[in-house]
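Trainee: I have a model open and would like to talk through a few of its local features. Could you help me read it?

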Amino acid sequence: MIVGAGPTGLTAGCILARRGLSVRIVRKHPPFTGHSRASVIWPRALEILDSFGVTEILESIGSRVTRVGYYSSGSSIGRFEIDRLTDTRFGYALGISQHETEAVLEEAFLAAGGDIGDAEVVGLEQDARQVSVHIRSGGHDSAVTARLLIGADGANSTVRELLGIAMNDVGPRVSFRIADALISGLPEDQASYCWTPGGGMAIGPHDRHAYRLAHRLTPDAPDPSPESFQRLLTERGPQAHRGVVQELISTADFQARFAIAERFGAGRSWLAGDAAHVMAPAGGQGMNSGILDAAALSWRIMESHRNGAAESDLPENMLPDYDAERQGVIRKIMATAMEHARDGGLRSVSEIAERDRRYRDMWTDSALHVDRVARLSQLNLDPARTGAEHIPF
């Protein structure tokens, strides 16, 4: 059983169902149709999604992002080209809304024989052989047993709470305002991070017809109107590309944190995605790291099932190894996101000058250039620890 039908839970469901396992997903809410936080799929995650044949569908909806540009007070300090990567066939990222990604993954999961339903988890018990999950749906309570449980139910994970696992902050909490908008005058294949002493703005292609805008929410931030976003885009955006906001589709405010669960599971139950770790959207690392969790965990489950372990006791090293490996990988990913957030928040003249020099050096040095793109793309991680090389379809 998988609790949660976001990209993490659905990715795990697709991988496991396609391998012939009986998989049921329960979600607390109907499919998401409103505003989407996650908006980019990096090459490592695209490799995983490609293993069960959904990337072509996603590409028909999303926008290919081939460059990541950085700007300081409107002037370029670096443009990093994703197609310089040589160890992946995906020389681009994909700008696409999370709810579009979820819709494609859900269709693939159902086509693979998976089952999905709306229900709220209200309790669980487990022993050496199975997990008993108490669910509530339509005012009725029932219990469902499963050999294994994956908690992929988000930052406020009920599964994590029921397992008694704490979530510990490892960085600052930051408030953001995001918007999806129709904008003219911006490059269609480039994501941009625009930093000024007065604040920054992230800009990225989002699906085929819109851009995602994001900025930190401060007490003196303007209202979420088209005029306000236009003013910020003019003040903070690239001088070489003067974007014009044609229409504001939607906006949302939220608080993000950098936090990691003290353990990524207990007994026959595991955590993945935001249930195990959360991070601010700087660099677009959050959803992608959850997809990597799903692959790494699914591979372990497939191996245990192949060896007969899912029928009885699990190998003693399975959960500790998953926990230790994912903790290490996530802390590496989170370091990239925290560095990104820190660089965008600098205010002093000397710190900004040092940052700008550092990005120009990375841009012009071939090895540093590729390393920067690899870190954003999560291709600096050992594939054996993400499961990307172990999904044989």
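Mentor: Happy to! This is a predicted model, in which local features need pLDDT of at least 70 and side-chain atom pairs count only at pLDDT 80 or more, while totals for chains, interfaces and linings use all residues. Residues are numbered from 1 along each chain as its sequence is written, and side-chain values use heavy atoms, with hydrogens and water left out.

Trainee: Is Arg372 buried or exposed, and what is its relative accessible area?

Mentor: Start with its place: Arg372 sits in helix α10, residues 366-377 (helices are DSSP runs of H or I, at least four residues, and strands are runs of E, at least two, numbered from the N terminus). Buried means under 20% relative accessible area, exposed over 50%, and partly exposed in between, with a 1.4 Å probe and protein chains only. Arg372 is buried, at a relative accessible area of 1%.

Trainee: Which residues is Arg372 in contact with, leaving aside its neighbours within four places in sequence?

Mentor: Contact here means heavy atoms within 4.5 Å. With those neighbours set aside, the partners of Arg372 are Tyr70, Phe80, Glu339, His340, Tyr359 and Met362.

Trainee: How far apart are Val373 and Leu85 in space, C-alpha to C-alpha?

Mentor: Val373 also lies in helix α10 and is buried, with a relative accessible area of 4%. Leaving aside neighbours within four places in sequence, Val373 is in contact with Phe80, Glu81, Ile82 and Leu85. Val373 and Leu85 are 288 residues apart in sequence, yet their C-alpha to C-alpha distance is 7.6 Å.

Trainee: Within what arc do the buried residues of α9 fall?

Mentor: The buried residues of α9 are Ile352, Arg355, Asp356, Tyr359 and Met362. Seen down the axis of α9, they line one face of the helix, because the arc they fall within (taken from the directions from the helix axis to the C-beta atoms) is 125°.

Trainee: And which exposed residues does the face of α9 turned away from its buried side carry?

Mentor: On that face of α9, the exposed residues are Val349, Ser350 and Thr364.

Trainee: Which element gives the largest share of the lining of the second largest pocket?

Mentor: A pocket is an open set of points on a 1 Å grid over the protein atoms alone, where a 1.4 Å probe fits, with protein on both sides within 12 Å along at least five of seven lines; lining residues have an atom within 4 Å of a point. The second largest pocket is lined by 17 residues, and Met1, Ser22, Val23, Arg147 and Leu148 lie nearest its centre. Two elements give two or more residues to this lining, β11 (140-146) and α7 (286-306). The largest share, 3 residues, comes from β11.
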